[in-house]
Amino acid sequence: MKHKGRLVRWLGGLSTLGGTAALPLILAFNQISWGAPGTSAYQIYELLNRLMAVLLLLMSAGWLGLFLRWPPGYGRWAALLAFIGSLIMAAGTAAEFWLFTIQPYGETASLRNAAWGAFGVGGWMLILGATVLGVAAWRSRTWPRWCAILLMLAVPIDLVAYFIFDSPFIGTTVLTLVIAWQLIMDGKVTGEAGTAAS
């Protein structure tokens, strides 16, 4: 159990690194415009997205750590859902900007659109998992209330980030930093969350 607790903290640290490094990238996205593949504007946009794919992969470590930490029950399944969703987001971004980056936007049958669609599906899996985790954390009373509330608000946080701040990455980053902080602060892997979280 002691080794597992150390692993959970380590995963939380990786996730914190990814989430913290994502913040300046998100700001950079707001300072640039993107153009058609091959243009100089697109090359900067492509580079930022390639870096974000790596950071999304790092952030997924926190959801894995949460899955390892949480006792059996619906909270653990929710952590697994969020982890799988975060991996799909990273894979979708990587596919779009490494494998299919020269394909033009707007073609309905393009693999680039499929990669973007996978990113979106992964994002919804992550925020659904985070919402259920928030309920489990609230009921278990082992996490600070603010952590549970932020997780329960995953859907509105993500929608505000996407439609108001025009970023598909802010919501994921905020939620990841919440769980990463908690994993670093409390990496215990026990059943202390009790039956309320099951």
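In these legends, Ala, Val, Leu, Ile, Met, Phe, Trp, Tyr, Cys and Pro count as nonpolar, Asp, Glu, Lys and Arg as charged, and the others, Gly among them, as polar. The model is predicted, so local features need pLDDT of at least 70 and side-chain atom pairs count only at pLDDT 80 or more, while totals for chains, interfaces and linings use all residues. Residues are numbered from 1 along each chain as its sequence is written, and side-chain values use heavy atoms, with hydrogens and water left out.

View 1. A pocket is an open set of points on a 1 Å grid over the protein atoms alone, where a 1.4 Å probe fits and protein lies on both sides within 12 Å along at least five of seven lines; lining residues have an atom within 4 Å of a point. The volume is the space filled by probe spheres set on the points, which are joined across faces, edges and corners. Of the 14 residues that line the second largest pocket, Phe 119, Gly 120, Trp 124, Asp 158 and Tyr 162 lie nearest its centre. Two or more lining residues come from each of α4 and α6 (154–163), these helices being DSSP runs (H or I, at least four residues) numbered from the N terminus. Helix α4 gives the largest share of this lining, six residues, and by class the lining holds nine nonpolar, four polar and one charged residues.

**View 2. The largest pocket holds about 540 Å³ of space.** Its lining is made of 21 residues, and those nearest the centre are Trp 34, Tyr 45, Trp 116, Asp 166 and Pro 168. Helices α1 (2–31), α2 (40–69), α3 (74–99) and α4 each supply at least two residues of this lining, and α4 gives the most, with four residues. Sorted by class, the lining of the largest pocket has twelve nonpolar, six polar and three charged residues.

**View 3. Aromatic rings of Trp 116 and Phe 119 pair within helix α4.** Rings of Phe, Tyr and Trp (its six-membered ring) pair if their centres lie within 6.5 Å, and planes under 30 degrees apart count as stacked, over 60 as edge-to-face and the rest as tilted. This rule gives a count of nine aromatic pairs. In one of them, the ring centres of Trp 116 and Phe 119 are 5.3 Å apart and the planes stand at 15°, so the pair is stacked. Because Trp 116 and Phe 119 are three residues apart in helix α4, they are separated by about one helical turn. Ring pairs link Trp 116 and Phe 119 into a cluster with Phe 29, Tyr 42, Tyr 45, Phe 97 and Phe 169.

**View 4. The charged end of Arg 112 sits over the ring of Phe 97.** A charge sits over a ring if NZ of Lys or CZ of Arg is within 6 Å of the ring centre and within 35 degrees of the ring normal. For Arg 112, the distance to the centre of the Phe 97 ring is 5.2 Å. Arg 112 belongs to helix α4 (residues 111–140) and, at 0% relative accessibility, counts as buried. Leaving aside neighbours within four places in sequence, the contacts of Arg 112 (heavy atoms within 4.5 Å) include Pro 37, Tyr 42, Glu 96 and Phe 97.

Technical notes
Buried < 20%, exposed > 50% of the residue type's maximum accessible area, 1.4 Å probe, protein only.
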